[in-house]
Amino acid sequence: MTSLHEWRDHLVDAGLAGSFLVRDLDDGTELALDADVELPIASLVKLPLALATLERVRRGELDGAAPVEVAPGRVDTPGPTGITRFQHPARVAVADLVYLSTSLSDSAATDALFDLTPPARVAAVLRDLGIDGFSLRHRMDVLMATPAEALDGGLRHDLAIGTTGRGGGSPIAELDVARANTATARSLAALLAALWTGDAIDPGVAARLRQLLAANVHRNRLAPEFVSDASTWSSKTGTLLNLRHEAGVVEHADGGRFAVVALTRSRVAAAAQPAAEIAMGRVARGLHDELRSR
């Protein structure tokens, strides 16, 4: 049996500091590494946004079929997907914007949804549903307008690593816990638990969001450890500068269901870090296997 201290050392060896939580969704038991540390969540904010949008559609406050004019992102650097890479405006229905934002992590679609439901309104919907632990402050494009974005990619990563303080402060807005959208591994696990097992969220809304998470196209991080013929993996990823996150649920053929949340900061100044991705998966899987065997 590997101790929590050993799993933490495994992350350190990969250049990571991590906040992990694995929770059995049926009996509530869990294993965790620093699960109450508040961190910027990058694209994981698209999960509560999707929930709030679908809930507002259910309430009749939004029309899921209503078309929305979305400006093209015109981004040609590696990474972004969907409308963020478009060269021309698009008209997309609200419900399809939720798909693009959640399953493809399309930030242009996300900001179109934030136009309809701003961060403060998303937070209010979460409160109505009894979901706590999220600080929602801004759209996606606000983060991309920081001075750090004008720097070369390598310099941005150097700056990110060198300026983040022990308390989570940073001159880079997207990495500063006082200015970024933030959450903890525990609050993300609670949101996932509400989607899979709770009664506060409308069953139709929860089912649709589970479908969108199962359709996540980004499968390079934790998915290799959890996808098999005997299990399914539904999740949302978040990646920004030295942040690498994923939050999801693995469902086993024997009926077992586990929420798995991994939030990490890297100390390595590089965008491509396959060793970090592998380490995240191994730690998440190790915690899951230990909890499941108890």
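**Helix packing**

Author: Helix 3 is largely enclosed by the rest of the structure, because seven of its ten residues are buried. Please note that this is a predicted model.

Reader: Which residues of helix 3 are buried?

Author: They are Val94, Leu97, Val98, Leu100, Ser101, Thr102 and Ser103.

Reader: And what covers the buried residues of helix 3?

Author: The cover includes helices 2, 4 and 9, together with strands 4, 5 and 7.

Reader: How do helix 2 and helix 3 cross?

Author: Their axes come within 10 Å and cross at roughly 165 degrees. Angles over 145 degrees count as roughly antiparallel, so helix 2 is roughly antiparallel to helix 3. The crossing of these two helices is left-handed.

Reader: Which residues make that contact?

Author: Helix 2 contributes Lys46, Ala50, Thr53 and Leu54, while helix 3 contributes Val94, Val98, Ser101 and Thr102. By class, four residues of this contact are nonpolar, three are polar and one is charged.

Reader: What comes just after helix 3?

Author: Serine 105 is found there, with a positive phi of about 60 degrees.

Reader: Changing topic, how do helix 1 and helix 11 cross?

Author: The axes of helix 1 (residues 4-13) and helix 11 (residues 274-293) come within 9 Å, crossing at roughly 165 degrees. That makes helix 1 roughly antiparallel to helix 11, and their crossing is left-handed.

Reader: Which residues are in contact there?

Author: From helix 1 they are Leu4, Trp7, His10 and Leu11; from helix 11 they are Ala279, Arg282, Val283, Gly286, Leu287 and Glu290. This contact has six nonpolar, two polar and two charged residues.

Notes:
Residues are numbered from 1 along each chain as its sequence is written. This is a predicted model: local features need pLDDT of at least 70, side-chain atom pairs count only at pLDDT 80 or more; totals for chains, interfaces and linings use all residues. Side-chain values use heavy atoms; hydrogens and water are left out. Axes are lines fitted to C-alpha atoms, for helices over the stretch in contact, and angles run from 0 to 180 degrees between N-to-C directions. Helices (H or I, at least four residues) and strands (E, at least two) are DSSP runs, numbered from the N terminus. Angles under 35 degrees count as roughly parallel, over 145 as roughly antiparallel, 65 to 115 as roughly perpendicular and the rest as oblique. A crossing is left-handed if the near helix is turned anticlockwise from the far one by less than a right angle, and right-handed if clockwise. Contact means heavy atoms within 4.5 Å. Ala, Val, Leu, Ile, Met, Phe, Trp, Tyr, Cys and Pro count as nonpolar, Asp, Glu, Lys and Arg as charged, and the others, Gly among them, as polar. Buried means under 20% relative accessible area, exposed over 50%, partly exposed in between (1.4 Å probe, protein chains only).
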